[in-house]
Amino acid sequence: RPECASTQAGDVQIIAHAALSAVGRTEDALAIERQFQKLLEEGHVRGKERDIVEALSYHLWGARLAAEGDLAGAAKRYRQADETLVYWNDSGLGVFKLFNQLSLASALSQSGNQQEAADVLERIQRVNSRFVEDFSG
């Protein structure tokens, strides 16, 4: 439910957003995106938490665009999320950064940018080779 958006509920929101996007419920997916945007715009989050919410916002936007077939737009938003995320911090978002990069690689591959997709997968493998095997196979 969109009104439940918070930094603590990020995982649930990602899953709900992905499901809504996959079945074409764009308005409901957008409502979740708007909740994260509202947190950012109203200054409810600061510091690392702001970075997390910003990355989630970009990732969700990218996921919706990918579901709508706008793979170039999705890749752009996944890149923005990736630039915001770091592997090492106390928030444990390294796995989310890898997942976001895997989403970027998928969007690039599906849009015909095989070399760029391979480059992203290579970066992921340098960090955690098993991640690619577990989530892309």
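Mentor: R126 is exposed, with a relative accessible area of 59%. For that area, over 50% is exposed, under 20% is buried and anything in between is partly exposed, taken with a 1.4 Å probe and protein chains only.

Trainee: What kind of model is it, and how are residues numbered?

Mentor: The model is predicted, with pLDDT of at least 70 needed for local features and 80 or more for side-chain atom pairs, while totals for chains, interfaces and linings use all residues. Numbering starts from 1 along each chain as its sequence is written, and side-chain values use heavy atoms, without hydrogens or water.

Trainee: Back to R126, then. Which side chain does R126 meet in a salt bridge?

Mentor: The side chain of E122, at 3.1 Å from N to O. A salt bridge here is a side-chain nitrogen of Lys or Arg within 4 Å of a carboxyl oxygen of Asp or Glu. E122 is partly exposed, at 43% relative accessible area.

Trainee: Where do E122 and R126 lie?

Mentor: Both are in helix α6, residues 114-136, and they are 4 residues apart, about one turn of the helix.

Trainee: How many salt bridges does a search of the whole structure find?

Mentor: It finds 7. One of them is between the side chains of R64 and E68, at 3.4 Å from N to O.

Trainee: Why does R64 count as buried?

Mentor: Because the relative accessible area of R64 is 9%.

Trainee: What does E33 touch, not counting residues up to four places away in sequence?

Mentor: H17, L60, W61 and R64. A contact means heavy atoms within 4.5 Å. E33 and H17 are 16 residues apart in sequence, with their C-alpha atoms 8.3 Å apart.

Trainee: R64 keeps coming up. Which other residue has R64 in its contacts?

Mentor: S21 does: leaving aside neighbours within four places, S21 is in contact with A29, R64 and A67. S21 is in helix α1, residues 10-22, and is buried at 10% relative accessible area.

Trainee: New topic. Which salt bridge does D82 form?

Mentor: D82 pairs with K97, with the closest N and O atoms 2.8 Å apart. That pair links distant parts of the chain, D82 in helix α4 and K97 in helix α5 (residues 94-110), 15 residues apart.

Trainee: Is D82 buried or exposed, and what about K97?

Mentor: D82 counts as buried at 13% relative accessibility. K97 counts as buried too, at 8%.

Trainee: What about R77, where is that?

Mentor: R77 is in helix α4, which covers residues 71-84. R77 is buried yet has no salt bridge, and the nearest side chain of opposite charge, D70, is 7.8 Å away. In that count Lys and Arg are positive, Asp and Glu are negative, and His and the chain ends are left out.

Trainee: So what does the charged end of R77 sit over?

Mentor: The ring of W61, at 3.6 Å from its centre. The rule asks for NZ of Lys or CZ of Arg within 6 Å of the ring centre and within 35 degrees of the ring normal. Beyond four places in sequence, R77 is in contact with Y58, W61, G62 and L65.

Trainee: G62 is on that list. Where does G62 lie?

Mentor: In helix α3, residues 47-67. G62 counts as buried, at 0% relative accessibility. With residues up to four places away set aside, G62 touches A74, R77 and Y78. G62 and G73 are 11 residues apart in sequence, and 6.8 Å separates their C-alpha atoms.

Trainee: Last one, the chain overall. How many helices and strands are there?

Mentor: There are 6 helices and 0 strands. Of the 137 residues, 42% count as buried. Among contacts with a separation of 6 or more, 49% are between residues 24 or more positions apart.

Definitions and conventions. Helix = DSSP H or I, 4+ residues; strand = E, 2+ residues; numbered from the N terminus.
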